[in-house]
Amino acid sequence: MSWRMLRRKDFHTGLVNLAFRTDHGGVKQFSGGSGTFGKLAEFFHSDKPKVAANCTAYKHYTIRNFHAGVYMLAWNRKREEVAGLKAPKKEKRVKKENRTQPPVEAPYVAPKPKIVTKSSPDKTIDIFEGMTLIDLAKRTGASIGALQDILADLGEKVESEFNSISVDLAELVAMELGVNIRRMHTGEGTVEPRPAVVTVMGHVDHGKTSLLDSLRQTSVAAKEAGGITQHIGAFVVEMTSGASITFLDTPGHAAFSAMRARGAAVTDIVVLVVAADDGVMPQTLEAMSHAKSANVPVVVAINKCDKSGADPERVRIQLGSEGLLLEDMGGDVQVVEISALAKLGLDKLEEALFLQAEMMDLKARIDGPAQAFVVEARVDRGRGPLATAIVKAGTLVSGQHIVVGAEWGRIRSLRDTAGNITEFAKPAMPVEIEGLRGLPMAGDDVVVVDSEERARMLSQGRKKKQEKDRLHKIDEDMTEESEMAEETPERVEMPIIVKADVQGSVQAVTDALRSLNSPQVFVNIVHVGVGPISHHDIDLAQACRAYIVGFNIRTPPSAITLAATQANIKILLHKVIYHLLEEMGRVIVEKAPGTAETQISGEAEILNIFELKGRSKSKGPDIKIAGCRITDGHFSKSGTMRLLRSGDVVFEGPCASLKREKQDTETINKGNDCGLVIQDCDDFQVGDIVQCLEQVIRKPKFISTQSGAVRIEC
């Protein structure tokens with residue numbers, strides 16, 4: 001083979017054949033050689049670096065237009081190994097064997113089951129600070145591994161089941177498992193006496209707020225709309241003896257039952273105000289049941305004893321008959337006769353409250369994280385969401401990160417009942433908290449946490465659980481609605497948007513409106529909020545054709561009123577809940593489709609019978625006419641006639657003809673004579689009774705009781 005005959009792509013092959021020879025021992029040796037190929041072979045045999053391609057052999061051993069050879073590839077592989085990038089080795093190709101036998105049956109190994117926890121919305125467990133995983137597993141019913149996996153997802157690692165966790169982590173784990181929790185606060189720390197928290201309860205217009213006015217020398221009742229309290233008021237009253245008592249004034253109207261229940265939950269003593277001239281009323285009994293369920297002692301204040309029709313003894317007998325053991329009857333319930341307007345007997349009431357508080361030996365932990373409850377919440381235009389809370393234990397300090405219900409925030413400022421900024425709040429002290437990210441619900445607990453991250457995590461967990469509970473409740477409501485729909489095929493939905501001044505009033509108005517649900521009208525509360533009516537409310541009402549109910553809020557601007565008028569949206573504004581419920585009751589009655597019922601519109605007696613015979617075929621067969629006199633109600637030709645004989649129904653059918661003095665008529669009233677023909681009926685006898693039946697649409701009725709309770713009766 002000559003040099004010119006070598007093709008360029010075969011140059012490498014010729015070079016290798018020329019430069020190497022293989023001896024009989026199988027060892028490759030360099031063949032030496034002279035000339036160009038000898039120099040090339042000597043160049044590749046040397047340890048000097050080579051270039052992969054396009055090289056020319058000069059004094060730097062470069063060769064142009066030369067493809068990489070075996071030694072060049074080997075040198076590059078060696079350089080990659082030095083750099084740590086080892087080239088992957090090719091796997092040895094194995095020829096696939098043709099199997100003639102069936103595969104061996106191996107035993108089935110089930111995959112590792114994933115941790116599945118069943119939600120228990122009705123189960124409630126107690127959690128506390130420093131509880132171990134074993135305690136939490138026993139209470140929730142979950143395994144240790146499941147709890148560790150949940151903690152790992154939360155970013156916490158607990159290696160041993162004997163390690164303690166914080167109460168916040170325990171709550172997060174319980175919420176992931178779908179279990180309700182109740183926080184058990186520690187009692188360790190410095191315990192000192194604290195003021196008593198007193199809740200004033202009673203019926204509407206029995207003088208609760210007037211009593212508090214006399215105690216704190218203010219005039220709150222004159223400022224209340226309609227003379228009744230619309231939301232909870234919390235304040236501290238300095239008594240003449242120098243001690244202080246925290247008072248909660250709760251509304252007396254039936255719609256604010258939930259608010260009174262919250263008041264009984266955070267109170268130590270209940271003052272039950274009963275008017276001497278009115279006696280025990282339904283809401284008086286309701287307040288007694290709230291106090292009994294909360295296991296709170298009661299002090300009875302018989303008010304308006306200075307009026308002419310006052311009868312305190314009658315009130316005592318009524319309370320005793322309802323199961324309240326008064327001191328006069330050998331019980332332990334103190335009774336004080338007072339007059340809030342005349343300021344009579346207030347010193348005796350003060351002595352009774354301090355005596356009851358001394359018997360209870362009220363003490364609370366001063367140091368450590370605070371335990372508090374929200375009694376009211378509202379939105380201020382300049383300060384944002386504000387929550388009025390009463391501290392039960394510990395000390396609430398400004399600047400702490402807190403979680404209130406499903407909302408969280410950092411306390412920006414604390415204000416006392418006089419509006420002064422304070423740095424901390426001790427037990428039994430009502431304060432207004434500023435700095436929350438959202439508006440909490442009245443009755444929520446205040447939890448102090450270590451960091452913003454933990455506060456945000458706890459808030460998100462609570463919101464997630466609230467949403468899960470809300471969806472669960474919606475499913476139950478839909479099931480109930482479907483069952484009611486089977487019984488009542490026609491039911492109209494009435495969407496309502498509720499706006500009020502404070503959170504407690506929102507909840508009370510919402511509960512009152514939902515009590516107006518009936519088989520014919522479904523009151524659907526699509527949105528609730530605190531504050532004035534906004535354009536967003538108008539847009540939402542227009543989308544779902546809802547009514548907007550505003551309670552104790554200012555009149556919306558003209559722009560919002562105009563937008564509501566153009567969208568045909570009705571806005572109902574009220575400051576007294578009586579008037580609100582009455583107007584909504586009338587609207588619901590008008591919107592109700594009503595039920596079709598058959599009623600007796602008239603009754604007549606057959607005095608004579610006339611028979612028409614020998615009629616032509618064009619006029620029809622022979623007929624019998626009953627000569628009747630209407631004794632009650634009226635007869636209508638469109639009604640159904642029922643023939644009665646000796647009290648038994650003989651025939652029932654439509655009216656074929658109704659005449660008075662040979663003239664066809666549609667309606668005949670009581671006392672008139674008429675001729676009556678019933679279709680397909682000729683069995684008349686003198687003395688029979690004929691009843692006229694009509695289909696009427698009966699609307700539901702709005703019923704308002706003296707106690708303030710309302711309902712729709714179908």
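Mentor: We will look at one helix, then at a helix pair. This is a predicted model, where local features need pLDDT of at least 70, side-chain atom pairs count only at pLDDT 80 or more, and totals for chains, interfaces and linings use all residues. Residues are numbered from 1 along each chain as its sequence is written, and side-chain values use heavy atoms, with hydrogens and water left out.

Trainee: Which residues of H9 are buried?
Mentor: First the general idea: an α-helix has 3.6 residues a turn, so residues three or four places apart point the same way. Helices here are DSSP runs of H or I, at least four residues, numbered from the N terminus. In H9, Gln-283, Thr-284, Ala-287, Met-288, His-290 and Ala-291 are buried (under 20% relative accessible area, 1.4 Å probe, protein chains only). Seen down the axis of H9, these residues fall within an arc of 160 degrees, taken from the directions from the axis to the C-beta atoms, so they line one face of the helix.

Trainee: What does the face turned away from the buried side carry?
Mentor: That face of H9 carries Lys-292 and Ser-293, which are exposed (over 50% relative accessible area).

Trainee: At what angle do H4 and H5 pack?
Mentor: Angles run from 0 to 180 degrees between N-to-C directions, with axes fitted to C-alpha atoms over the stretch in contact. Helix H4 (residues 133-140) and helix H5 (residues 144-153) pack at about 110 degrees, with their axes 9 Å apart. That makes H4 roughly perpendicular to H5 (65 to 115 degrees).

Technical notes
Helices (H or I, at least four residues) and strands (E, at least two) are DSSP runs, numbered from the N terminus. Angles under 35 degrees count as roughly parallel, over 145 as roughly antiparallel, 65 to 115 as roughly perpendicular and the rest as oblique.
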